Amino acid sequence: MDRRSVLGLAAMAALSAKALAAEPSSDRLPGDPLETIPLWPRTPPGGEDVHLTLNLMERSPQPDVFHDRFVTDIATPLMTVFRPDKPDGSALLVAPGGGYRRVVVDNEGFDIGHRFNGSGITVFVLRYRLPAEGWANGADVPLQDAQRAMRLIRAGAGEYGIDPKRVGVLGFSAGGHVAASLITRPDEPVYQPVDKSDRLDARPDFA
């Protein structure tokens, strides 16, 4: 192999590595839902000494074709709402994966919201806090957020046109563990109630 070929392959490898590396991304892109629901009215449980700035990264090698974003440093957990054109009264809380080191945005979150919207299901994609980002009782923070999310969905059932007895959960990878924790530990007192929404049941109706 001559020197020119070697240089050409090296340049291609460098470009491929650059394309696969995560790069900073806008917090919202065209087509993303505008409606979000913060989970906590004030500082989330155990966050008195936590100071984070949201970090959202793009890792798609072709971001002009498809997006593959993830977030870290989550100080404000929230749900992104996907409303179907023809709601059937059911709702789904979606917990993306990310190995508890990040929360995936697109292929285990927003893409799922769009797909289930097509079946008439109102979807709430959860951006939960990560255990190792400085929270007190860090192991409990994903479950705290999942319990609170389920209760807020039921509290807002009238606004969202859903039946509070038809609210399920779906999780991927680490988000599957979040979902399983919610299924098996819905009543565990992992945080102090903050308002009347916390009187509602956090147990999913299906999973």
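**Figure 1. Overall fold of the predicted chain.** The protein chain has five helices and nine strands. Helices (H or I, at least four residues) and strands (E, at least two) are DSSP runs, numbered from the N terminus. Read from the N terminus, the order of elements is α-β-β-β-β-β-β-β-α-β-α-α-β-α. Of the 207 residues in the protein chain, 46% are buried. Buried means under 20% relative accessible area, exposed over 50%, and partly exposed in between (1.4 Å probe, protein chains only). Contact means heavy atoms within 4.5 Å. Among contacts between residues at least 6 apart in sequence, 78% join residues at least 24 apart. This is a predicted model: local features need pLDDT of at least 70, side-chain atom pairs count only at pLDDT 80 or more, and totals for chains, interfaces and linings use all residues. Residues are numbered from 1 along each chain as its sequence is written, and side-chain values use heavy atoms, with hydrogens and water left out.

Figure 2. The structure holds one cavity of 30 Å³ or more. A cavity is a set of points, on a 1 Å grid over the protein atoms alone, where a 1.4 Å probe fits but cannot get out; lining residues have an atom within 4 Å of a point. Grid points are joined across faces, edges and corners, and the volume is the space filled by probe spheres set on the points. Val71, Leu78, Thr80, Pro96, Val103, Val104, Val105, Phe110, Val125, Leu126 and Arg127 form the lining. Strands S5 (78–82), S7 (103–104) and S8 (122–127) each give two or more residues to it. S8 supplies the largest share, three residues. By class, the lining has nine nonpolar, one polar and one charged residues. Here Ala, Val, Leu, Ile, Met, Phe, Trp, Tyr, Cys and Pro count as nonpolar, Asp, Glu, Lys and Arg as charged, and the others, Gly among them, as polar.

**Figure 3. Helix H2 and its packing.** Helix H2 spans residues 106–117. Its buried residues are Asp106, Glu108, Gly109, Phe110, Ile112, Gly113 and Asn117. They pack against strands S4 (69–72), S5, S6 (91–95), S7, S8 and S9 (167–171). Phe110 also belongs to the lining of the largest cavity.

**Figure 4. Aromatic pairs.** The structure holds four aromatic pairs. Rings of Phe, Tyr and Trp (its six-membered ring) pair if their centres lie within 6.5 Å; planes under 30 degrees apart count as stacked, over 60 as edge-to-face and the rest as tilted. Phe82 and Phe110 have ring centres 5.3 Å apart and planes at 65 degrees, so this pair is edge-to-face. It links Phe82 in strand S5 to Phe110 in helix H2, 28 residues apart. Both Phe82 and Phe110 are buried. Tyr100 and Tyr128 also form an edge-to-face pair, 6.3 Å centre to centre with 75 degrees between the planes. Tyr100 lies in the loop between S6 and S7 and Tyr128 in the loop between S8 and H3, so the pair ties together parts 28 residues apart in sequence. Tyr100 is partly exposed, at 23% relative accessibility. Tyr128 is buried, at 0%.

**Figure 5. Surroundings of Arg154.** Arg154 is found in helix H3 (residues 141–155). Its relative accessible area is 11%, so Arg154 counts as buried. A polar atom of the Arg154 side chain lies 2.6 Å from the backbone oxygen of Asp201. Not counting residues up to four places away in sequence, Arg154 touches Pro164, Val167, Leu200, Asp201, Ala202, Arg203, Pro204 and Asp205.

Methods. 1 Å grid on protein atoms, 1.4 Å probe; cavity = no way out; pocket = protein on both sides within 12 Å on 5 of 7 lines; lining within 4 Å. Polar contact = N/O pair within 3.5 Å; in protein donor to acceptor, adjacent residues only side chain to side chain.
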